[in-house]
Amino acid sequence: MTLITRRNLIVAGAGGLLVGCDRVGSSETGRDILFKAEAVHRSLQRVITNRNALAREFSPEDMSPRFRSNGTRNPGTPAYQALAANRFADWRLRVDGLVTRPLSLSLADLRSMPQRAQITRHDCVEGWSAIGKWQGPKLSGILDAAGLRDNARYLVFHCADSLRGGAYYESIDLIDAFHPQTILAWAMNDAILPIAHGAPVRLRVERQLGYKHAKYVMRIEAVASLDGIGRGKGGYWEDVADYEWYAGI
Ligand SMILES: Nc1nc2c(c(=O)[nH]1)N[C@H]1C(S)=C(S)[C@@H](COP(=O)(O)O)O[C@H]1N2
Ligand SMILES: [Mo]
């Protein structure tokens with residue numbers, strides 16, 4: 001019988017550590033230990049942040065009297081101007097990539113899908129916030145209609161505008177895509193979404209910073225990897241200014 005004493009435990013602990021260190025440089029075991037540590041870290045992170053938690057919602061009295069527009073205020077291309085001139089009656093949202101049923105949806109289609117309205121706070125990294133009301137179909141409903149393939153990991157939002165560094169785009173993972181507050185807003189503050197704020201539809205991904213909320217969405221592409229998109233970092237600002245791809249708040 002082994003008597004378990006505090007001293008024995010400490011020795012065993014130290015021995016274990018030494019063995020662990022010895023193996024880190026020389027065998028698979030060290031890598032296994034590191035991978036296990038990383039897995040523990042990841043699950044802790046999940047518990048702490050709970051990616052499915054709702055962003056705070058506000059009441060109508062809290063709405064900002066003025067909600068500024070940031071970045072592109074009007075894509076200004078001939079193609080966009082033509083769509084806007086016809087109040088986006090000819091606009092179609094393409095949903096393609098790794099889906100079983102590629103879609104082409106009109107604004108009327110989007111308005112007939114299950115809707116959500118929410119009053120939330122928008123936080124821009126440039127240091128301003130504003131509370132506004134957003135309404136539109138849940139992204140989850142659109143994805144269910146399109147049928148994501150098993151290998152789809154991210155959704156890429158291709159926008160109508162370009163800035164100096166190229167076309168604006170953004171991407172999110174499937175946790176954010178199926179989050180209950182993730183919608184494609186066609187209305188803002190109980191009116192049709194203005195051009196300055198992303199008409200005809202813009203993404204609202206309420207657990208993320210402002211630059212993730214793609215305006216002027218023309219196409220949603222389901223992909224397995226972000227490698228071939230833009231310069232590969234998952235978004236316009238990620239590519240040109242090293243903004244974090246995961247901008248959770
Ligand atoms: N297509 C597109 N989406 C965009 C931008 C942009 O320039 N183009 N700017 C982003 C940034 S940095 C912010 S803070 C918000 C601003 O949204 P708003 O103009 O409705 O305030 O849109 C984001 N989405
Ligand atoms: Mo922003």
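This is a predicted model: local features need pLDDT of at least 70, side-chain atom pairs count only at pLDDT 80 or more; totals for chains, interfaces and linings use all residues.
Residues are numbered from 1 along each chain as its sequence is written. Local features need pLDDT of at least 70, side-chain atom pairs count only at pLDDT 80 or more, and side-chain values use heavy atoms, without hydrogens and water.

Helix α3 spans residues 78–85. Helices (H or I, at least four residues) and strands (E, at least two) are DSSP runs, numbered from the N terminus. Tyr 80, Leu 83 and Ala 84 of α3 are buried (under 20% relative accessible area, with exposed over 50% and partly exposed in between; 1.4 Å probe, protein chains only). Seen down the axis of α3, these buried residues fall within an arc of 100°, so they line one face of the helix. The arc is that of the directions from the helix axis to the C-beta atoms. An α-helix has 3.6 residues a turn, so residues three or four places apart point the same way. The face turned away from the buried side carries exposed Pro 78 and Ala 85. The buried residues of α3 pack against β5 (154–163) and β11 (217–223). Just after α3, Arg 87 has a positive phi of about 50°.

Gln 115 lies in strand β3 (residues 115–124). Gln 115 counts as partly exposed because its relative accessibility is 28%. Leaving out residues up to four places away in sequence, Gln 115 touches Leu 110, Gln 135, Gly 136, Pro 137 and Trp 186 (contact means heavy atoms within 4.5 Å). The side chains of Gln 115 and Trp 186 make a polar contact at 3.0 Å. A polar contact is a pair of N or O atoms within 3.5 Å; within protein, one must be able to donate a hydrogen and the other to accept it, and residues adjacent in sequence count only if both atoms are side-chain atoms. A polar atom of the Gln 115 side chain also lies 2.7 Å from the backbone oxygen of Met 113.

Conventions: Chains are lettered from A and ligands numbered from 1 in the order in which they are written.
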